[in-house]
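Hi everyone, thanks for making time this morning.

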Amino acid sequence: MNGKFIAEKGADFGTTRENFLYNGAYILDKFEPQNERVLVKNNTYWDQDKVLIDRIRYKYNKEAATVAPELFLRGEIDSASIPTSIIDEWFKDDKKKSQVRQTQNNFYTYFYALNFNPQFDAEYEPDNWKIAVNNKDFRKSIFHALDRVSAMLTVEPYNPADLLSNTITPKNFVDVAGVDYTQLTPFATISNEDSFNKELALEFKEKAKVALAGKATFPVKVLLPYNAGSPDWANRSQVVEQQIEKLLGTDYVDIIVEAGPATGFLSEVRRPGKFALLEANWGPDYADPSTYTDPFTVDGTYNKPELAEGYTEANGKTTYQNLVDEAKVTIDVAKRYELFAKAEAFLIEEALVIPYSVGGSGYVASKLNPFEAQYSPFGVTAEKFKGQQVLEKPMSNDEFKKALAQWEQERADALANAKK
């Protein structure tokens, strides 16, 4: 970064288009919060011949989640997410069917975080939640009660199991001597078994009731907020509430679904800890398992599992933190990955977090070909437009599947050649 420019702008650095410096494929031409932002091609970019879209306009609409599909059909926008609630209608309509396709799965990981530092309103009984969540049997009852297939039907109504992930680190992210990270010894059993188990959920429920008798009040209120700007998230929260309460009983848990803000959800809800249970996600920054373990360490910003009772060791750190620290200082890759797998397995086995899916799911109507874009399983490469061009007509789902198969084969061939 240019130190002289930053010093000159001071606190105003980055607050307006004039207070930015640019070296990428695009320049911010217009920025009006809650109205629009416009990117234009950077004509001094070193590789500008590969920047094929001259202008990109993001138009703000607080009702985008519901009105975007119609705006797309009217030709007012070039890309729109198609909510699960109307996807059947699109596939049954010959004209609409040719314009909608699946999205590519990515390496974002989705999980339910159980909050060990509740900061929500007294009406939701944060102190009672804190007592309950610090009981392992209570956590395990929730862990095994979550029917993730039912939850994912709100995103992928046709093949929900394809999106499930039993671990925080997804499959196919990294490997050791040809063995996928999720299949390493400390991890394999967790990776290959569905966490949803009615019998275990009820077994842990009874253990929790005995252990918490005279300590916690039942039913335990479980505040489950969601982002009001996401219809699928709203629907999924309702499904989770109904499914868990039906299995465990409303005499045991009272899951309270609450709409959070459509904008500023992270700063208003997750980061200040105004939840008991929350759907959260994390994307990898680099090709190493530590990118997935770090969010749950003492420096992480998620559900504060370091505050869970009963896990502090002699050096003052938690068991999980010590496992992660040991892995980080290990140079040998095979041993390093095994130690990271051991740390993550501990996190999951203790039900300090509930993994449930990978990202990139859902359906979109778009005039972009995703296989023209740059690709990386980590970082923000997926957000880049370099190399892409606007299609004359949207890609259909059949066209997408064919292109995906070709892309996957070409990628496999390239990786194989790189290892030779």
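So, what volume does the largest cavity have? About 50 Å³. Before I go on, a word on where this comes from: the model is predicted, local features need pLDDT of at least 70, side-chain atom pairs count only at pLDDT 80 or more, and totals for chains, interfaces and linings use all residues. Residues are numbered from 1 along each chain as its sequence is written, and side-chain values use heavy atoms, with hydrogens and water left out.

You'll want the cavity definition: on a 1 Å grid over the protein atoms alone, a cavity is a set of points where a 1.4 Å probe fits but cannot get out, whereas a pocket is an open set with protein on both sides within 12 Å along at least five of seven lines; lining residues have an atom within 4 Å of a point. Volume is the space filled by probe spheres set on the points, which are joined across faces, edges and corners.

Searching the whole structure gives two cavities of 30 Å³ or more. Around the largest one sit Phe296, Pro305, Glu306, Tyr311, Thr318, Tyr320, Phe346 and Leu352; by class, that is six nonpolar, one polar and one charged. The second largest cavity holds about 30 Å³, and its lining is Trp129, Ile142, Val222, Ile255 and Leu277. Those five are nonpolar, with no polar and no charged residues. Here Ala, Val, Leu, Ile, Met, Phe, Trp, Tyr, Cys and Pro count as nonpolar, Asp, Glu, Lys and Arg as charged, and the others, Gly among them, as polar.

Now to an open space. The second largest pocket has a volume of about 870 Å³. Its lining has 32 residues, with Asn105, Asn106, Asn172, Val358 and Glu408 nearest the centre. Helix α15 gives the largest share of that lining, eight residues. In classes, the lining splits into eleven nonpolar, 15 polar and six charged.

On to the sheet: three strands, β1-β2-β3 in that order, form an open antiparallel sheet. Strands are DSSP E runs of at least two residues, helices H or I runs of at least four, numbered from the N terminus, and two strands pair if DSSP finds at least two bridges between them. Five bridges join β2 (residues 36-41) to β3; in one of these strands, β3, arginine 55 is the bridge partner of valine 40.

Last, alanine 177, in the loop between β7 (175-176) and β8 (179-180). Its C-alpha is 8.1 Å from that of alanine 334, although the two are 157 residues apart in sequence. Thanks, all!
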